[in-house]
Amino acid sequence: MNHLIYMYGTDWGMGRFPICSVWILLFTPLVATALITLFTKEHKGLSAALSIGAILLSFALSLRLFLLFALKGIQHEPHPFQWLVIGNSVRIEFGMTTDALALLMLLVVTGVGSAIHIYSLGYMKGDPGFSRFFACMSLFTFSMLGIVISSNFIQIFIFWELVGLSSYLLIGYWFEKPSAAEAGKKAFLTTRIGDVGMMLGILLLWSHAHTFEFTELKAKLPSLDLSIGTLALIGALIFMGAVGKSAQVPLHVWLPDAMEGPTPVSALIHAATMVAAGVYMLCRVSWLILPSETAMWLIAWIGGITALMAATIAIAQNDIKRILAYSTLSQLGYMVMAVGLGGPTQAMFHLTTHAFFKALLFLGAGSVIIALHHEQDIWKMGGLRKKMPITFWTFLIATLALAGVPPLSGFYSKDEILLLAYEHNQVLFVMAVAAAFLTAYYMGREVFVVFFGKSRDHHLYDHAHESPWVMTLPLMFLALLSIIGGWYSKVPDFLGPPHLAEHHSLLLTGGLILVPLFGFLVAAKIYWKTDPSDAPVKAALGKLWTWIENKYYFDELYAWIIKYVQGTIATICDVFDRWILQRLGIGGLSVGTGLIGRTVRLLQTGSISGYAFFFGLGATLIIYYVVVR
Amino acid sequence: MTSTITLNDYLIVSGLLFALGIAGIIIRRNALVIYMALEMNLNAANLALIAFSKFNKLVEGQILVFFIIAIAAAEVAVGLAIIVALYRRKQSVSVDELTTMRL
């Protein structure tokens with residue numbers, strides 16, 4: 001491989017090698033996908049090796065680019081190539097962005113992705129579609145990397161849709177299971193609603209600026225003199241794309257269902273890739289959103305509402321992965337809220353740390369699921385602490401990090417967002433703190449129920465065992481990252497303006513430390529016993545519990561809307577098609593032709609004299625007409 | 001009064017001949033007679049053409065007439081053959097009985 005790279009340039013230190021390396025790190029996973037689907041489908045080991053090798057290579061190249069940038073300040077931006085020209089006005093390039101934001105994201109995607117790929121080796125062992133799984137994973141990685149390095153809106157949109165496609169393939173991976181096939185479809189269609197908005201936003205922006213390039217747009221935007229309404233509309237429409245992909249209210253319904261996919265897929269979708277894409281895109285185009293107060297307000301509130309609402313739903317879930325799914329929603333809400341409050345830096349920081357501990361949580365949950373032979377109900381687990389020590393300890397670390405216990409990574413990033421909210425919007429701050437409390441509470445519930453107490457299903461418990469090293473090794477790697485991920489306080493600096501934490505009183509910071517601890521205490525009080533149950537909470541919350549348990553009836557509401565609104569429109573279209581078009585239009589033509597034919601046929605009397613008479617009469621009339629007139 | 005024959009006279013004769021032919025076609029039932037009436041129509045046209053040719057001093061009219069005579073001969077050959085075939089099939093040449101293609 002090195003040989004190939006060097007062929008293109010002699011100055012391999014800083015010359016063309018880094019340029020090529022961006023291309024290579026993007027396209028290697030795609031090549032792996034192609035090779036697996038075309039040639040190595042029958043050789044499972046080779047397929048996995050190709051896929052893992054591809055992402056490890058991407059990871060190595062990302063790391064190199066990142067270090068070059070972080071330590072030496074060298075940034076390489078390969079020249080874009082003209083991709084599509086339509087007329088004189090539409091010019092679409094295929095470019096590469098390698099600024100700080102992109103490099104950090106590349107590192108997160110490939111780093112966490114590598115761990116998940118290796119873990120899949122153990123998790124998917126013996127699955128009949130093993131090769132297909134790795135092909136899809138590589139395709140997913142490729143699509144995500146494409147979003148990260150995109151340099152214009154069209155390019156990002158194409159990869160955006162590719163992520164949608166690969167998520168569909170992976171969520172519906174066990175397509176023979178109807179629920180998985182449904183979940184894949186749901187994810188695809190729900191995100192598509194957001195994508196339509198995003199596309200409209202892109203086109204609206206283009207109609208004013210006549211370019212898709214991020215850099216050109218950024219420079220041009222102040223001179224365009226867009227009205228406040230237009231700016232807000234563009235911001236809101238583009239945000240719609242993020243609402244779909246990052247699963248914000250009201251398009252969040254696909255994400256919990258996406259748990260139907262294999263657990264490594266859940267980890268990939270929820271930590272490093274798909275849902276992060278929305279937040280990343282918002283950060284990438286933050287210059288577009290920042291000038292519009294209305295758009296910012298909308299984004300902040302949607303994020304805040306998502307954070308709190310998802311956290312409340314999480315406390316009533318019984319599926320080990322669904323709790324994590326709602327937790328992801330909640331954390332994404334934090335990130336989106338941070339963007340809306342003018343802190344894309346904080347959002348990216350939280351995205352990074354969240355990628356570490358959320359991937360770890362999912363992989364830990366997967367380890368438990370495998371040990372219990374695909375049992376996902378937390379009430380059938382219990383007491384697994386001693387049986388699976390590595391899984392337990394790494395899961396615990398991730399839980400503490402997610403809850404924001406210092407000095408783990410989640411504390412730093414979440415703190416930044418909470419302080420940002422405190423500065424800008426007190427109501428959102430209260431909501432965010434409530435969500436932080438709930439985060440600690442529901443994660444505490446999950447840990448206590450799954451790992452503590454006594455086992456509730458002895459058959460499952462007796463067969464439980466620690467996972468093989470290919471699964472525990474990524475767990476430990478991610479646990480390490482979850483611990484130290486926030487220490488490198490230069491991460492936010494690296495992206496832009498300095499963070500705010502130091503400017504605030506010790507009281508506030510101290511108070512924020514106590515919030516998760518309080519959450520854990522409450523959870524421990526209720527669930528840290530030999531035979532815990534939801535009964536006390538159920539009694540305390542009363543009617544509210546039913547609402548929470550049913551996820552605020554969002555699915556039912558959408559089912560209702562689909563049934564009545566969409567159903568009515570469909571019926572009208574059906575009637576129009578069946579009766580107006582088919583019967584009146586096409587049927588009418590055919591019946592009319594038949595009738596006319598039937599009538600005209602009566603003229604055929606068969607009498608030659610008659611024909612001759614009419615012929616003579618006609619000829620005479622014509623002659624008369626021609627001569628006399 | 002010297003009586004010269006003008007173009008009009010020829011044309012009137014031609015027209016009468018044509019009308020006679022048409023009348024024959026409409027009135028008569030026998031296919032053979034209808035055929036003869038048809039020939040009369042053709043010859044009415046021939047007469048008109050010759051007259052035009054003579055009075056306008058143009059030769060094209062006569063050439064056309066030769067064509068018509070040749071084609072009429074061919075047509076008669078075919079037409080008579082058809083009538084003979086019809087007779088063999090139906091034992092009749094009355095057009096009133098040839099209505100099998102009617103509705």
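**Ground rules.** This is a predicted model, where local features need pLDDT of at least 70, side-chain atom pairs count only at pLDDT 80 or more, and totals for chains, interfaces and linings use all residues. Residues are numbered from 1 along each chain as its sequence is written, while chains are lettered from A and ligands numbered from 1 in the order in which they are written.

**Chain A overall.** I looked up the elements of chain A and found 27 helices and 2 strands (DSSP runs numbered from the N terminus, H or I of at least four residues for helices, E of at least two for strands). Its C-alpha atoms fill a box of roughly 115 × 65 × 55 Å along the principal axes. Of its 629 residues, 50% count as buried (20 or more other C-beta atoms, placed from the backbone, within 10 Å of the residue's own; 12 or fewer is exposed, in between partly exposed).

**A helix pair.** Next I turned to H16(A) (residues 344-371) and H21(A) (residues 469-484), whose axes come within 9 Å and cross at roughly 150° (axes are lines fitted to C-alpha atoms over the stretch in contact, and angles run from 0 to 180 degrees between N-to-C directions). That angle makes H16(A) roughly antiparallel to H21(A) (over 145 degrees; under 35 is roughly parallel, 65 to 115 roughly perpendicular, the rest oblique).

**The core.** The largest nonpolar core has 192 residues, and Val279(A), Met337(A), Ala359(A) and Ala432(A) touch the most other members (a core is a set of buried Ala, Val, Leu, Ile, Met, Phe, Trp, Tyr and Cys residues joined through C-beta atoms within 7 Å). Helix H19 (residues 426-451) of chain A gives the largest share, 17 residues.

**Where A meets B.** I found 11 residues of chain A in contact with 8 of chain B. Helix H27 (residues 608-628) of chain A supplies the largest share of chain A's side, 5 residues. That side divides into 4 nonpolar, 6 polar and 1 charged.

Conventions
Contact = placed C-beta atoms within 7 Å. Nonpolar A, V, L, I, M, F, W, Y, C, P; charged D, E, K, R; others polar.
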